[in-house]
Amino acid sequence: MKNAILTVVVLLMSVSAFAQIRKIPAEVTEAFKTRYPHAEKVEWGDRLSDFEASFVLNNVNMRARFNSKGEWLISETVMKFEDLPAEVNDGYQKSKYTDWEIKEITRIDKHAEAIQYRIFIRKSGIQKKYLYLDKDGKLLREALTL
């Protein structure tokens, strides 16, 4: 019985390892090239519901997602703390998390939505959170992370 189960598991793993990954539609790659004509080091991923490009633009790491029709959905830009707009910096400085270590800051641009800034913070190497602030520095929400 154990051998039969092991055989099935190995077979399923083999099939999934050789499964064809969906090809990125031309509409998606063309929309990406139009939006980010100077992008470098582009790597594509299939997220099942959309397609994500990880790339470098002007020496900055970014990600952008497009649906299968090539419509832009969201972009995320990694930022340095000193590049935060003054209002966002001020909002963070007035929060109860200023003694937490900042690990990463990301600007989030979504289709038809206001810009947000996500600040990944941690304390004592154990507690970790994402803080989401709007362009005026108002804390919109907090999210725990593993």
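**Exercise 1. Find out whether S95 is buried or exposed, and which backbone atom its side chain reaches.**

*Solution.* Start with the place: S95 sits in the loop that joins α3 to β5. Helices (H or I, at least four residues) and strands (E, at least two) are DSSP runs, numbered from the N terminus. Next, look at the cover. S95 counts as buried because its relative accessible area is 19%, and buried means under 20%, exposed over 50%, partly exposed in between (1.4 Å probe, protein chains only). Last, follow the side chain: it reaches the backbone nitrogen of Y97 at 3.2 Å.

A word on the model before going on. This is a predicted model, in which local features need pLDDT of at least 70 and side-chain atom pairs count only at pLDDT 80 or more, while totals for chains, interfaces and linings use all residues. Residues are numbered from 1 along each chain as its sequence is written, and side-chain values use heavy atoms, with hydrogens and water left out.

**Exercise 2. Work out how many helices and strands the protein chain has, and in what order the strands lie in the sheet.**

*Solution.* Begin by counting: there are three helices and eight strands. Along the sequence they follow the pattern α-α-β-β-β-β-α-β-β-β-β. Now turn to the sheet. It is open, has eight strands in the order β1-β2-β3-β4-β5-β6-β7-β8, and its pairing is antiparallel. At the edges are β1 (40–46) and β8 (139–144), each of which pairs on one side only. Two strands pair if DSSP finds at least two bridges between them. As one example, β2 (residues 51–57) and β3 (residues 60–66) are joined in the antiparallel sense over seven bridges. Within β3, N61 is the bridge partner of V56.

**Exercise 3. Identify the residues with the most contacts inside the largest nonpolar core.**

*Solution.* First, the term: a nonpolar core is a set of buried Ala, Val, Leu, Ile, Met, Phe, Trp, Tyr and Cys residues joined through side-chain atoms within 4.5 Å. The largest one has 13 residues, and F32, Y36, F55 and F66 have the most contacts inside it. Two or more residues come from each of α2 (26–35), β2 and β3. The largest share, four residues, is given by β2. Apart from this core lies another, of 12 residues, including M79, V88, W100 and I119.

**Exercise 4. Find the strand that holds T106 and the residues that T106 is in contact with.**

*Solution.* Locate T106 in β5. T106 is buried, with a relative accessible area of 3%. Contact means heavy atoms within 4.5 Å. Setting aside neighbours within four places in sequence, T106 is in contact with E76, T77, V78, Q116, Y117 and R118.

How values were computed: Polar contact = N/O pair within 3.5 Å; in protein donor to acceptor, adjacent residues only side chain to side chain.
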